[in-house]
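Here is a brisk report on one structure.

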Amino acid sequence: MSVFAGARKAPEFPPDLDWLNTYRPLRMSELRGKVVLLDVYTSCCVHCLHVLPDLRRLAAKYPRELVVIGVHSPKYHTERETETIRRAILRDEIPHPVVNDHDLLVWRAYDVRRWPTLVLINPQGEIVGRMSGEDVFDVLDEAILQMLSEFDARRMVNRAPLELRPEATGGEPSFLSFPGKVLADEFSGRLFISDTNHHRIVMVSLATGEVTGLIGCGAAGFVDGNFEMARFDHPQGMALDGETLYVADAGNHALRRVDLSRRTVTTIAGTGRQARQPNLSGPGERTALNSPWDLAVHRGLLYIAMAGSHQVWRMDLRSGAVQPHAGVGREARVDGPLPDAALAQPSGLTTDGRRLYVADSESSAIRAVDLDEEGVAETIAGGDLFEFGDRDGQGREVRLQHPLDLTYHRGFLYVADTYNHKIKRVSPEDGVAETLVGAGEAGLRDGESAQFHEPSGLCAAGDALYIADTNNHVLRRVDLPTRRVTTVQINA
């Protein structure tokens, strides 16, 4: 942590900003006597997500002394919208107040340079230090302990409770809660949905929409066992190999194997703790992972979109060994030989049997990664870390906005262009991209001018695409010949 020798008064929050998770705006002046911790973040950033467990631990340890405030300073256009932030708060289960810093006024007032940045303020309302990055608990815990000791001796700590009001869901509970990914198996007629915020996998009949099974008890945790007792933590992508379903258990930083015949769940990689280094390798059960977000299986290898370390990994399903496959572990868009290439929060993965294709969310680009470890990574369509938007075209002229998934089907890549609320179709051969469906505005509307709200997962079966329409808590179907969209009725 950078500690400031001279006292600097914490700037007041600008007026007229929208606040969430609190019934009224907060003022720095009314928080005197409290230790205040500002978390300057943006909802797209995986590193910001990694900080949240530490913030929860600190708030639980100092429930009367510490006030945590999220300052949402956006990167993308859609992240400026208060309703988008509200849904992200619900999806990420953020318990503390959040202010929408849509024009980066707080960002500039506190001289922030990167996401996430934590700013620590003492009971006198003075900035005493800041730090950026992850793994913040120990440093902040020590600083808060020292601060409380000093200000308790001066009788300047206010332990009166601060009344807050957490965000309401805004409607009746839905069968799905922020579904992240979807996987269709045309051969068996099954559809698998990662029901992310219900911490389970839902199996549905492709033909009837009837629920045929639930994998996981529905409570967050890290427990192997039968379908009824197993626990996941915000599961995301899946890959199917016969009667074996592999699950990227993102919140547990683990890979799980589901035996569909025996109805059991076992852990095959990950320790339950986040890896802090990008290039560890070894036996799966003893190797820590970092936010695995999606999976693809090919010829005995399980490929992993490792969002937290900005890499693609692979697992040898025979030996159980895991190791990096592409990416140096630095967040960037750099093409070239696989060990030297750089990715930016890869969140979706698919293959045509010749190459891997990656939804590289933070570079808003579609990347191709060779299966041969002597191969290269290259950009097919899209921009760079701060080149994003909504523009069809070819190659580098294409603009996407935080795409979270893609699937290969009949010669094309179908892309969940998440923050544009659209589905795009991209040619892997020449990088030509076009809008397939989606009006470009958040909503829930079927038909030929369909609306989505941050679609995050998709797959194909026959003449149809199936889409995890995440913020709408539903599954959508696109008839490819007509491009007509319908909402799938799930019969639980």
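Strand S14 and strand S15 (residues 254–259) are joined by six bridges and run antiparallel. Strands here are DSSP E runs of at least two residues, helices are H or I runs of at least four, and both are numbered from the N terminus. Two strands count as paired if DSSP finds at least two bridges between them. Leu 245 has Val 258 of S15 as its bridge partner. Four residues separate the strands in the hairpin of S14 and S15, and His 253 there has a positive phi near 50°.

S14 also pairs with strand S13 (residues 238–241), antiparallel, through four bridges. Leu 240 sits opposite Leu 245 of S14. The S13–S14 hairpin has two residues between its strands, with Gly 242 in the turn at a positive phi of about 65°. Strand S14 spans residues 244–249; five of its six residues are buried, so the rest of the structure largely encloses it. Buried means under 20% relative accessible area, exposed means over 50%, and partly exposed lies in between (1.4 Å probe, protein chains only).

## Basis of the model

This is a predicted model, in which local features need pLDDT of at least 70, side-chain atom pairs count only at pLDDT 80 or more, and totals for chains, interfaces and linings use all residues. Residues are numbered from 1 along each chain as its sequence is written, and side-chain values use heavy atoms, leaving out hydrogens and water.

## The open sheet

Five strands make an open antiparallel sheet, ordered S27-S31-S30-S29-S28. S27 (393–394) and S28 (405–409) are the edge strands; each has a single partner, so one side of each lacks a neighbour in the sheet. S27 pairs with strand S31 (residues 432–437) over two bridges, in the antiparallel sense. Gln 394 has Val 432 of S31 as its bridge partner.

Helix H1 (residues 46–61) packs on helix H4 (residues 137–153) at about 25°, with the axes 10 Å apart. Axes are lines fitted to C-alpha atoms, for helices over the stretch in contact; angles between N-to-C directions run from 0 to 180 degrees. H1 is therefore roughly parallel to H4 (angles under 35 degrees; over 145 is roughly antiparallel, 65 to 115 roughly perpendicular, the rest oblique). H1 supplies Asp 54, Arg 57, Leu 58 and Lys 61 to the contact, and H4 supplies Phe 137, Leu 140, Asp 141, Ile 144 and Leu 145. Contact means heavy atoms within 4.5 Å.

Helix H2 (residues 82–92) has eight of its eleven residues buried, so it is largely enclosed by the rest of the structure. Among the buried ones are Ile 85, Arg 86, Ile 89 and Leu 90. Their cover includes strand S2 (19–20), strand S3 (35–41), H1, strand S4 (66–72) and strand S5 (98–100). Glu 93 follows H2 and has a positive phi, near 55°.

## A buried loop serine

Where does Ser 363 lie? Ser 363 is in the loop between strand S24 (355–360) and strand S25 (365–370). Its relative accessibility is 0%, so Ser 363 counts as buried. Leaving aside residues up to four places away in sequence, Ser 363 touches Arg 333, Ala 344, Gly 383, Asp 384, Leu 385 and Glu 387.

## Cysteines

The whole structure was searched, and zero disulfides were found. The criterion is a pair of cysteine sulfur atoms within 2.5 Å. Cys 45 is in no disulfide; its nearest cysteine sulfur belongs to Cys 48, 3.2 Å away. Cys 45 is buried at 7% relative accessibility, whereas Cys 217 is partly exposed at 36% relative accessible area.
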